[in-house]
Amino acid sequence: MVELVIFALMGAVALAGAIGVVRARNPVYGAMGLMATLFALAVFYVVHLAHFVAVVQVIVYAGAVITLFLFVIMFVGVDRAEDLTEKLAVQRPVALIVLVGVVVAAGALVVTGNFDWVITSGEPQVVTGTIEEIGENLISVGPPSGREASRWLLPFEATSLLLIVAAVGAIALAFYRPRRKDEASGRRDAGPGSGSGP
Amino acid sequence: MIVTAGWYMTLAAVLFLIGAGGLLLRNNALVMFMSVELMLNAVNLTFVAAARAHGDIGGQMAVLFVLVVAAAEVAVGLAIIVSIFRSRRTASVDELSELSG
C-alpha cells in the first residue's frame, strides 16, 4: 500500500517532469523538469533496494549532469526566441507515425504479456544494492577475496578507458578552431576564455 | 494492491516514449539531448525493476555502467554543441545543413 502511494506520487512527478522536458519553450525549464524526473527515479531506486544506484543517480545525474546542462544552456543563451516551427516538411508526420507505431507496439506488449516474461518462476531472493555488494560485483578478482571473479571487471576497466577518451575528446573539441574567419564578423573573440562571458 | 515490476516497466515505457517524442519533434539540440537522457533513465528504471523481480544484482550493475556511459556522452555531446554554437551561433539542428548538397 505504501509502495502504491509512492508509485503514484513519484510516477506523477516523473511524468510531469518528462513532459516538461519535451514541451518547455525555455530549455532551463526543461532542465528543471529533467531534474524532477531524475529525483523521482532515485526514489524508485530506493524502493527497489538499489540504494547505491539511487545515491549515484542523485549525485551524478541530478547534480553534475544537470549542472552541466544548465551551464551550456546559459552559454548558448536562454533569451533567444526559439521557433518551434519545423522546416523539414516530412519530419513531423513521419515522427508522429513512428511514435504511434511504437505506442501501439508497447501497448500490445503491456496488454497481452503484462510483462510476465520478465518474472522468473519461484520466489526470487531479495538483493540489496549496498556499496559492498556493488563493489564486490565490480572489482572482485577471484578466490583470494573470498568470492568468485567478477564478470563486471573487464567492463569496469573498459569504462575507465571510455572516460579518459571522453575527457580527452571534450578537451580537443574545446580547443578546436573553425578555419574560416571571413564569414560572420565579430566572432574573432571565440578564444578559450570566451565562455566566461563579457 | 501489489505494485509489480510491470507497473514500473510500463512507467518506464511511457517515459521512454516521451523522450523519443522530444527527440523527434524538437529541433533545439539541447532539448534533444535532454530527451536522450530521459530515454536512458527510462531504461535504467527498467533495469532496476528487473533486478528486483529476478533477485539478480546484474540489473543494478548495468545501471551503473549506463550512468558512466551517459556521463561521458554528456561531456562529449555538450562539447560538440558548444563547438557548433561558437562557429554557427545557433543551437538548432535545422540550421546545420552544411553537408546537404
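Where in chain A is the place of Ala40(A)? Ala40(A) sits in helix 2 of chain A, where a helix is a DSSP run of H or I with at least four residues, a strand is a run of E with at least two, and both are numbered from the N terminus. Before we go on, a word about what you are looking at. This is a predicted model, in which local features need pLDDT of at least 70 and side-chain atom pairs count only at pLDDT 80 or more, while totals for chains, interfaces and linings use all residues. Residues are numbered from 1 along each chain as its sequence is written, and chains are lettered from A and ligands numbered from 1 in the order in which they are written.

Let us stay with chain A for a moment. Two residues are said to be in contact if their C-beta atoms, placed from the backbone, lie within 7 Å. Among the contacts in chain A with a separation of 6 or more, 45% join residues 24 or more positions apart.

Now back to Ala40(A). Is Ala40(A) buried or exposed? Ala40(A) has 24 C-beta neighbours inside 10 Å and therefore counts as buried; the rule is that 20 or more other C-beta atoms within 10 Å make a residue buried, 12 or fewer make it exposed, and anything in between makes it partly exposed, with C-beta atoms placed from the backbone. Not counting residues up to four places away in sequence, Ala40(A) touches Met10(A), Val13(A), Ala14(A) and Gly17(A). The C-alpha atoms of Ala40(A) and Val58(A) are separated by 9.9 Å, and the two residues are 18 apart along the chain. In chain A as a whole, which has 198 residues, 19% are buried.

Follow the chain on to Leu49(A), in the loop between helix 2 and helix 3 of chain A. Leu49(A) is partly exposed, because 18 other C-beta atoms lie within 10 Å. Its phi is positive, about 65°, although Leu49(A) is not a glycine. Most residues other than glycine have a negative phi.

Next, look at where the two chains meet. The contact takes 71 residues from chain A and 67 residues from chain B. On the side of chain B that touches chain A, helix 1 (5–25), helix 2 (29–54) and helix 3 each supply at least two residues. Helix 3 of chain B gives the most, with 22 residues. By class, this side of chain B has 45 nonpolar, 15 polar and seven charged residues; here Ala, Val, Leu, Ile, Met, Phe, Trp, Tyr, Cys and Pro count as nonpolar, Asp, Glu, Lys and Arg as charged, and the others, Gly among them, as polar.

At 1.5 Å a residue, its 31 residues (58–88) should span 45 Å, and the end C-alpha atoms are 44 Å apart, which agrees; the expected span is 1.5 Å times one less than the number of residues. After this helix comes Arg89(B), with a positive phi near 60°.

How do helices from the two chains line up? The axes of helix 3 of chain A and helix 3 of chain B come within 11 Å and cross at roughly 5°, where axes are lines fitted to C-alpha atoms, for helices over the stretch in contact, and angles run from 0 to 180 degrees between N-to-C directions. These two helices are therefore roughly parallel to each other, a label for angles under 35 degrees, with over 145 called roughly antiparallel, 65 to 115 roughly perpendicular and the rest oblique. Their contact has 17 nonpolar, one polar and no charged residues. The axes of helix 2 of chain A and helix 2 of chain B also come within 11 Å and cross at roughly 5°. The residues of that contact divide into 13 nonpolar, four polar and one charged.

Finally, Ile18(B) lies in helix 1 of chain B. Ile18(B) is buried, with 25 other C-beta atoms within 10 Å. Leaving aside neighbours within four places in sequence, Ile18(B) is in contact with Ala18(A), Ile19(A), Val22(A) and Leu38(B).
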